[in-house]
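Please open the model in your viewer and keep the selection tool at hand. The tour goes from aromatic rings to a charge over rings and then to a helix.

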Amino acid sequence: MACGKQQPDDIFVCDEEFEAKWSRFSDWLHCICVVTFDLELGQAMERVYPPGVQLSDQEKCNICYLAFPDSNSGCMGDTQFHVRLRSRAPLTPQQLIYNEDSVSTLRADPTHYWGFVYFRQVKDSTLPRGYFQKSIILLTRLPFINLYYKVIQLIAPRHFEDGESSLEAACHDINRWPELNAGQNILLPVLGSVFQSYIPNQQTGKVTRSDIVKQVHSPNVPHIIVCIQDVNVFDALSSLISHLHLLWELVLTAEPIVVMASSPTECSALVQALTYLIQPLPYSAEYRPYFTIHDSEFKEFTRKQFNPPYVILGVTNPFFTKTLQHWPHTIKLGDSTPVKTKLRKLGSIKHLDSAPGVYTQYKPYLEKDKAIIKKLHNGIRTDRPSEVQTAMVKRHLLELTQSFMIPLERYMASLMPLQKNISPFRSPPVPNPFNPEDFFTSLQQAGPQLTSGIKGDWIGLYKHFFRTPNFSTWFHERHSDLTNKLQALQLEALAESDLKEWSVGKKEVEIVDMVLKLRDVLKNNPPVADNTRTLLARRLDDLNCVLQDDMKAILNAAT
């Protein structure tokens with residue numbers, strides 16, 4: 001498949017035969033792509049597994065360009081990195097079920113694919129260009145970074161050695177993986193190896209390696225993945241550790257950031273690490289771990305007539321130095337050197353071309369915690385293991401993010417109407433409106449100063465945060481939680497009420513209205529416990545008993 005002029009967006013049609021055969025595979029992976037270099041076409045799609053999987057022409061074109069490092073990168077041998085690209089295809093039914101119980105940072109992405117790339121470039125005098133160039137890409141909706149890097153490390157070299165049969169076998173192995181569910185230990189066989197891990201849900205959180213082995217009772221499983229998603233944050237940030245708090249603020253406030261590196265491995269690792277800085281708050285703006293000038297969103301992200309979008313871009317092509325010079329924050333990585341990068345004001349493009357550093361005019365709202373920075377620098381000097389350094393970074397930033405978010409969580413909970421205002425016979429009340437000034441007033445008694453020793457303009461940081469997609473996503477999720485809670489309390493009150501007594505003196509139209517309401521509630525799987533659902537069904541039977549036979553017949557005919 002060559003990347004030429006694009007046709008209108010494809011309409012995805014459900015292939016029932018494909019769904020029946022590959023349903024389990026489709027929950028874990030969308031497909032496996034093989035991209036090669038063709039002398040006439042350039043980067044071209046050679047194969048897509050399993051046969052019959054749907055990809056739009058635009059998606060195929062983006063995959064082809066993202067599958068190879070830029071020519072200036074000079075990547076020889078084997079190179080691994082990951083990408084994200086937009087998708088209009090719907091999630092599978094099981095992915096939707098999984099998302100209901102999954103932690104927010106592990107949910108299947110409804111708008112993007114994740115692509116895990118294994119690129120090989122080696123000299124081969126028998127080929128016209130003198131090089132063998134090919135990539136294998138795992139495409140999935142799941143952000144299981146640790147898992148899929150391990151899987152691609154296994155199956156890509158096998159394909160280079162054995163050809164098509166290995167990818168066909170891998171697809172059949174993945175199609176036998178267990179059902180995708182949160183809160184379970186998993187054993188995932190592929191090509192003679194088995195990966196063992198755990199998918200946390202909203203109740204259980206993370207578990208340790210010993211917990212996994214103990215629970216599954218399989219000590220002989222060779223590939224244990226303690227955390228299915230985690231990345232080594234410190235390795236990616238080691239040259240930027242002096243700017244840790246600045247980067248945390250930039251990510252929290254969803255500022256536009258471009259990461260410039262010499263290889264897609266470096267830029268994708270740093271972009272991913274940046275999005276992790278504010279966990280457990282999900283980073284909700286757009287981000288592309290590796291981005292090229294051929295991407296279909298290139299014009300959207302680089303146009304200069306508007307403010308830069310809420311996005312973090314990882315790039316390697318020097319062309320972006322000029323194209324994105326209007327962006328407010330640029331991180332330029334050195335060529336694998338351990339020197340500290342400097343904080344530099346945005347200015348000379350010539351300077352940006354050569355000198356590693358963080359280029360920004362952003363003034364942080366908070367002071368940096370010099371103690372943790374000193375500890376991390378001491379760890380670098382004494383060769384402290386990167387896993388320990390990563391744990392220190394994560395613990396510090398987790399505490400900082402929690403100090404920032406706990407006052408918001410507490411204020412959001414205060415927007416819940418009093419339970420005495422909930423009537424079984426009226427619609428549930430709505431949460432009280434979010435008032436920033438009331439929130440700022442609450443900070444005097446219950447602000448971040450209770451849990452963090454960091455000084456600064458916390459209110460200014462909150463005001464900036466309120467204008468970002470990170471806040472919007474968090475707020476809408478919490479508001480939805482409150483709304484569901486109020487609905488559940490109203491339905492519980494209705495389930496405990498005496499509807500026969502309530503119906504005395506009521507007009508028939510009011511009783512019918514309540515019957516229809518109960519039917520609708522029970523049909524739409526209300527957010528209540530099973531015993532409450534059983535009681536609601538009994539209340540419906542109670543009302544049916546008081547209706548006239550002719551009205552019962554009309555209602556039954558309507559259903």
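The structure holds 39 aromatic pairs, where rings of Phe, Tyr and Trp (its six-membered ring) pair if their centres lie within 6.5 Å, and planes under 30 degrees apart count as stacked, over 60 as edge-to-face and the rest as tilted. This is a predicted model, in which local features need pLDDT of at least 70 and side-chain atom pairs count only at pLDDT 80 or more, while totals for chains, interfaces and linings use all residues. Residues are numbered from 1 along each chain as its sequence is written, and side-chain values use heavy atoms, with hydrogens and water left out.

Select Phe 116 and Tyr 148, whose ring centres are 5.5 Å apart with planes at 40°, so the pair is tilted. Because Phe 116 lies in strand S4 (residues 112-123) and Tyr 148 in helix H4 (residues 145-162), the pair ties together parts that are 32 residues apart in sequence; helices (H or I, at least four residues) and strands (E, at least two) are DSSP runs, numbered from the N terminus. Both Phe 116 and Tyr 148 are buried, meaning under 20% relative accessible area, with exposed over 50% and partly exposed in between (1.4 Å probe, protein chains only).

Next, select Tyr 283 and Tyr 287: their centres lie 5.8 Å apart and their planes at 65°, so this pair is edge-to-face. Tyr 283 and Tyr 287 are buried.

Finally, return to H4, whose buried residues include Tyr 148, Tyr 149 and Ile 152, and stop just after H4 at Gly 163, which takes a positive phi of about 85°.
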